[in-house]
Amino acid sequence: MTNEDVGTNSVADRLQVGPREGVTYPIQMKYCGHCTMPIEYCEYYPEYEKCKDWLERHMPDDFERLKIEEEAAAADGTDDDKKRQKRGGKGLLRVKKKEDVPKRICVSRAARGKKKSVTVVTGLSTFDIDLKVAAKFFGTKFACGSSVTGDDEIVIQGDVKDDLFDVIPEKWAEIDEDVIEDLGDQKRT
């Protein structure tokens, strides 16, 4: 018998069909109440510490077993941080840094076709105004379509540029009429 024959038999043994010795059936899976994954996979979840807390309260026996396995892995020198997801995932939101830009609102009109036009409003986000809420407000106020099209841009259907100088300070008291700038007619790109 050669080494190849021994290797083939062990693979055949591992791939045998049917019940195995030493395993009780049906196999019962235990799931974490925090991440809803099998408890063996909690370590790959970004909020692993919360999973540990849940396991400690609700499944203390399994928590002790996992804790012993972690300590053994740490003694071997394997790095758990490589396993765990660092970026993305639930609850890990990146907060945009606010830059010191001048607080100014620009209003312009852009042609749309031959006889139609749209009004473009930029700069509302410098006043910490939710653009979706503002677009909905403009749409209902002027009975037209209004949408957020960029990071800091709202497009209102129709020529309502002149009305915005009164409507914006009336709706948002922190905005003075003097910070609203009229850019006139612009081409949209």
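Tutor: Two strands count as paired when DSSP finds at least two bridges between them. The model discussed here is predicted.

Student: Over how many bridges do strand 3 and strand 4 pair?

Tutor: Strand 3 and strand 4 form a hairpin, with 2 residues between them. One of the bridges joins Gly150 to Glu153 in strand 4. The two strands pair in the antiparallel sense, and the number of bridges is 4.

Student: Which residue of strand 2 is the bridge partner of Val107?

Tutor: Strand 1, residues 105–112, and strand 2, residues 116–122, run antiparallel and are joined by 7 bridges. The bridge partner of Val107 in strand 2 is Val121.

Student: Why is the pair of Phe138 and Phe142 stacked?

Tutor: The count of aromatic pairs comes to 5. For Phe138 and Phe142 the ring centres are 6.4 Å apart, and planes under 30 degrees apart count as stacked. Both residues lie in helix 5, 4 residues apart, about one turn of the helix, and both are buried.

Student: Is the pair of Phe138 and Trp172 stacked or edge-to-face?

Tutor: Phe138 and Trp172 are both buried. Phe138 lies in helix 5 and Trp172 in the loop between helix 6 and strand 5, so the pair ties together parts that are 34 residues apart in sequence. The ring centres are 6.0 Å apart and the planes stand at 75 degrees, so the pair is edge-to-face.

Student: How far is the charged end of Lys171 from the centre of the ring of Phe137?

Tutor: Phe137 forms one aromatic cluster with Phe138, Phe142 and Trp172. The charged end of Lys171 sits over the ring of Phe137, and its distance from the ring centre is 4.9 Å.

Student: Is helix 2 oblique or parallel to helix 3?

Tutor: The axes of the two helices come within 6 Å and cross at roughly 135 degrees. The contact is made by Tyr48, Lys52, Leu55, Glu56 and His58 of helix 2 with Pro60, Phe63, Leu66 and Glu70 of helix 3. An angle over 145 would count as roughly antiparallel and one of 65 to 115 as roughly perpendicular. The crossing angle of roughly 135 degrees therefore makes helix 2 and helix 3 oblique.

Student: How far apart in space are Glu43 and Glu70, C-alpha to C-alpha?

Tutor: Glu43 is placed in the loop between helix 1 and helix 2. Its relative accessibility is 22%, so Glu43 counts as partly exposed. Glu43 and Glu70 are 27 residues apart in sequence, and their C-alpha to C-alpha distance is 9.8 Å.

Definitions and conventions. Residues are numbered from 1 along each chain as its sequence is written. This is a predicted model: local features need pLDDT of at least 70, side-chain atom pairs count only at pLDDT 80 or more; totals for chains, interfaces and linings use all residues. Side-chain values use heavy atoms; hydrogens and water are left out. Rings of Phe, Tyr and Trp (its six-membered ring) pair if their centres lie within 6.5 Å; planes under 30 degrees apart count as stacked, over 60 as edge-to-face and the rest as tilted. Buried means under 20% relative accessible area, exposed over 50%, partly exposed in between (1.4 Å probe, protein chains only). A charge sits over a ring if NZ of Lys or CZ of Arg is within 6 Å of the ring centre and within 35 degrees of the ring normal. Axes are lines fitted to C-alpha atoms, for helices over the stretch in contact, and angles run from 0 to 180 degrees between N-to-C directions. Angles under 35 degrees count as roughly parallel, over 145 as roughly antiparallel, 65 to 115 as roughly perpendicular and the rest as oblique. Contact means heavy atoms within 4.5 Å.
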